[in-house]
Amino acid sequence: MKGESIPVEGRIVAVADVFDALTTTRPYKQPWSAEQAIGFLRENAGSHFDPAVVETFIARRGDIMAVMEQLRD
C-alpha cells in the first residue's frame with residue numbers, strides 16, 4: 001500500500017511513532033529535540049509521511065508535548 005490507500009489511522013500512527021522514537025532516549029541513541037524531530041517530519045512529508053497528517057500533528061504540538069510530559073515517568 002502507498003499514499004491514500006493506507007488507512008488514515010496508519011498514516012497518523014506512522015507520524016506519531018517516528019516522533020516518539022526520535023524524541024525519546026533509546027539504548028542506541030540520545031533523544032532529538034522536538035524541533036529537530038519536527039524538522040525531520042517536515043523534510044519527509046510527501047515521501048514518507050502524509051503531508052496533511054504532518055501539518056496537523058505540528059499544529060497540535062502543544063497538546064502533544066503536554067501529553068508527553070504527563071506520561072514521562
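## The largest pocket

Nine nonpolar, three polar and two charged residues make up the lining of the largest pocket. This is a predicted model, in which local features need pLDDT of at least 70 and side-chain atom pairs count only at pLDDT 80 or more, while totals for chains, interfaces and linings use all residues. Residues are numbered from 1 along each chain as its sequence is written, and side-chain values use heavy atoms, leaving out hydrogens and water.

A pocket here is an open set of points on a 1 Å grid where a 1.4 Å probe fits, with protein on both sides within 12 Å along at least five of seven lines; lining residues have an atom within 4 Å of a point. The largest pocket holds about 270 Å³ of space. Of its 14 lining residues, Asp20, Thr23, Thr24, Met68 and Arg72 are the closest to its centre. Helix H1 (8-23) and helix H4 (61-70) each give at least two residues to this lining; helices are DSSP runs (H or I) of at least four residues.

## The second largest pocket

What is the volume of the second largest pocket? About 200 Å³. Gly3, Ile6, His48, Phe49 and Asp50 are the closest to its centre among 13 lining residues. Its lining has four nonpolar, five polar and four charged residues.

## The nonpolar core

The largest nonpolar core has 11 residues, among them Val15, Phe49 and Phe57. Such a core joins buried residues (under 20% relative accessible area, 1.4 Å probe) through side-chain atoms within 4.5 Å. H3 supplies the largest share, four residues.

Key. Points joined across faces, edges and corners; volume = space filled by probe spheres on them. Nonpolar A, V, L, I, M, F, W, Y, C, P; charged D, E, K, R; others polar. Buried < 20%, exposed > 50% of the residue type's maximum accessible area, 1.4 Å probe, protein only.
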